[in-house]
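Hello,

Here is the structure I promised to hand over. Please open it and read my notes alongside.

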Amino acid sequence: MKHYMRLWPDSYCTIVDGSKTVELRLNDEKRRLIQLGDLIEFENTKTKETIVCVVLNKICYSDFKELYQHYTPISLGYKEHEVADYEDMYDYYSKEDIETYGALAIELCKLDQVCPAILVDYGICPTCFDKENGNCLYGNIKDKLIYKDSKIECFFDGNPKAIGHTIISTVNHYKDMIEAPKELVVYIYGFAHKIMQILKKIYECESVYLCSMCDGPMNHFHIQLIPRYKDEERGSKNFVKKRKNYVLDQKKLDLMKELIKDE
């Protein structure tokens, strides 16, 4: 979900330069709708410029006095020579409203600086975030997509460990195979069996290795199919091969799609 907020020029500039990483608001009904991974578009009240940030965390406090004790002045938007005083918030909100709603700290990261590792650290699934926000992390997979239905999607890895390196991912979020429904696990591995046979046929590899490495709280359940060719060593070293740049082979991509339909 995307939210919209207006900022005075000084506050806007500190977000742009990266020093301000916490936005302060009342914890009212409107702000309670904000969720981790949501986007906030801030508008400069003077210039009308905008910048988009990702919500990494939100913490409620009884008032701004308590909130100020947990953050550095710089992170709240103050400059080095300025004194941070929670009473500054009375310029924006009445004491009565603060007593009624409390204070909210919204921890932010500029959208153009966010990466999968940051999202995972804050308990946000990068795969789901990417899908919900225009493929801003991994890019559009149109030139890599092999197959998609209501349960799974299958596509070539954007940074493959081998030519033909393929990903099969669940559409809905499950952090690993243990969390996924049994029938979905059966379905995805049955589909993987089909894809492995097709990969061997099209790419003339000696074998196709299968692995699932979802080992964190915010992974998105997927399996990887990594071809091994005759000039490569056998064994687990194939899982840690140096990644390559993806190169579209439209002929092979189209053939993969055709063979899936025929199976």
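A residue counts as buried when its relative accessible area is under 20%. Y93 has 17% relative accessibility, so Y93 is buried. Please keep in mind that this is a predicted model.

**Aromatic pairs**

Y93 has a ring partner. F64 and Y93 form a stacked aromatic pair. Their centres are 6.0 Å apart, with 0 degrees between the planes. F64 sits in helix α2, while Y93 is in the loop between α2 and α3. The two are 29 residues apart, and the pair links distant parts of the chain. F64 is buried too, because its relative accessible area is 2%.

How many aromatic pairs does the structure hold? There are eight. Another of them joins Y61 and Y71. Here the ring centres are 6.5 Å apart and the planes stand at 80 degrees, so this pair is edge-to-face. Y61 belongs to strand β4, and Y71 to the loop between α2 (64–68) and α3 (95–101), so the pair ties together parts 10 residues apart in sequence. Y61 counts as buried at 11% relative accessibility. Y71 counts as buried at 15%.

There is also a cluster. Ring pairs link F156, Y203 and Y246.

**Charges over rings**

Y203 turns up again here. The charged end of K252 sits over the Y203 ring, 5.7 Å from its centre. K151 lies over the face of Y187, 4.8 Å from the ring centre.

**Helix α1**

Helix α1 covers residues 9–16, and its buried residues are Y12, T14 and I15. Seen down the axis of α1, these fall within an arc of 165 degrees, so they line one face of the helix. What do they pack against? The answer is four strands: β1 (2–7), β3 (39–44), β4 (50–61) and β5 (103–110). Strand β4 is also where Y61 lies. Just after α1 comes G18, which takes a positive phi of about 90 degrees.

**L145**

L145 is in strand β6, residues 145–148. Is L145 buried or partly exposed? It is partly exposed, because its relative accessible area is 24% and the buried cut-off is under 20%. Leaving aside neighbours within four places in sequence, L145 is in contact with E153, C154, F155, L253 and K257. I167 is 22 residues from L145 along the chain, and their C-alpha atoms are separated by 9.6 Å.

Over to you.

Best wishes

Note on methods. Residues numbered from 1 in each chain as written. Predicted model: local features only at pLDDT ≥ 70, side-chain atom pairs only at ≥ 80, totals over all residues. Heavy atoms only, no water. Buried < 20%, exposed > 50% of the residue type's maximum accessible area, 1.4 Å probe, protein only. Contact = heavy atoms within 4.5 Å. Arc of directions from axis to C-beta. Phe/Tyr/Trp six-rings, centres within 6.5 Å; stacked < 30°, edge-to-face > 60°. Lys NZ or Arg CZ within 6 Å of the ring centre and 35° of its normal.
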